[in-house]
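I set out to record what I looked up in this structure, entry by entry.

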Amino acid sequence: MSACLKFTRRVWQSFMENRGHDHQCFPNLKILSAKPGELKASLKIEPYNLNRVGTVHGGLIMSLTDTIGSLAVATKGQYMTGVSVDIGTSFVKPAGRVGDELTVQAVVTGLGKSLAYTRVDFFNAQGQLAAYGHHTKYVGKSVGHKNDVKFSEDGEHVVEGKEID
């Protein structure tokens, strides 16, 4: 397993240990792959993820835009991923029904001293783009955490900082 994937999964684990929103809304989120600036994840759709017409609720997609955007920032070696300053999602097609697997891909489109920008794409079980979102985060006060690391370009190794278990 690459150092970037291991680190990003550890950051996700810290979200879950908080037992807050993420733990309640999508405890079955799986991080499939991570390399610096890129993340792929999936979520099996459960009954509590649906709207009243039986498809994935838009609020779930919005919430995942937030969380997955944060985890994309983590792929850059930031343990604390900042706070949201802008978030938005556009819905294209139904994202799925109970039992379907929703696939999510995120990229960090920009990362500066104060702000991080991400794009998050959602694909339904048929592989169709179901929604896409953007997420801007203030990271100015989260940089420099004791668990921050720098990865090799391919994300295979930590080149600065200490790997966390």
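**Entry 1: largest pocket.** I asked which element gives the largest share of the lining of the largest pocket. It is H3, with three residues. I note that the model is a predicted one. H1 and strand E6 (129–138) join H3 in supplying at least two residues each to this lining. I read the volume of the largest pocket as about 330 Å³. Its lining has 18 residues, and those closest to the centre are Phe15, Ser70, Thr81, Gly82 and Lys137. By class, I found six nonpolar, eight polar and four charged residues in the lining of the largest pocket.

**Entry 2: helix H1.** I checked the length of H1 (residues 3–17) against expectation. At 1.5 Å a residue, its 15 residues should span 21 Å, and the end C-alpha atoms are 21 Å apart, so the two agree. I then asked whether H1 is mostly covered or mostly open. H1 is mostly covered, with 11 of its 15 residues buried. Among the buried residues of H1 I listed Leu5, Phe7, Val11, Trp12, Phe15 and Met16, and also Arg10. As for their partners, the buried residues of H1 pack against helices H2 (21–25) and H3 (58–74), and against strands E1 (30–35), E2 (38–44), E7 (150–151) and E8 (158–160). After H1 comes Arg19, for which I noted a positive phi, near 60°.

**Entry 3: Val159.** I located Val159 in strand E8. Is Val159 buried or exposed? Its relative accessible area is 58%, and the cut-off for exposed is over 50%, so Val159 counts as exposed. I looked next for its contacts, leaving aside neighbours within four places in sequence, and found Lys150, Phe151 and Ser152. Between Val159 and Val149 I recorded a C-alpha to C-alpha distance of 7.6 Å, at a separation of 10 residues in sequence.

Entry 4: I consulted UniProt, where an unreviewed entry places the feature "domain: Thioesterase" at residues 54–130. Over residues 54–130 I found the chain to be 22% helix and 40% strand. The end C-alpha atoms of residues 54–130 are 15 Å apart.

Definitions and conventions. Residues are numbered from 1 along each chain as its sequence is written. This is a predicted model: local features need pLDDT of at least 70, side-chain atom pairs count only at pLDDT 80 or more; totals for chains, interfaces and linings use all residues. Side-chain values use heavy atoms; hydrogens and water are left out. UniProt positions are given in the numbering used here, feature names are shortened, and annotations may be inferred rather than shown by experiment. Helices (H or I, at least four residues) and strands (E, at least two) are DSSP runs, numbered from the N terminus. The expected span of a helix is 1.5 Å times one less than its number of residues. Buried means under 20% relative accessible area, exposed over 50%, partly exposed in between (1.4 Å probe, protein chains only). Contact means heavy atoms within 4.5 Å. On a 1 Å grid over the protein atoms alone, a cavity is a set of points where a 1.4 Å probe fits but cannot get out, and a pocket is an open set with protein on both sides within 12 Å along at least five of seven lines; lining residues have an atom within 4 Å of a point. Grid points are joined across faces, edges and corners, and a volume is the space filled by probe spheres set on the points. Ala, Val, Leu, Ile, Met, Phe, Trp, Tyr, Cys and Pro count as nonpolar, Asp, Glu, Lys and Arg as charged, and the others, Gly among them, as polar.
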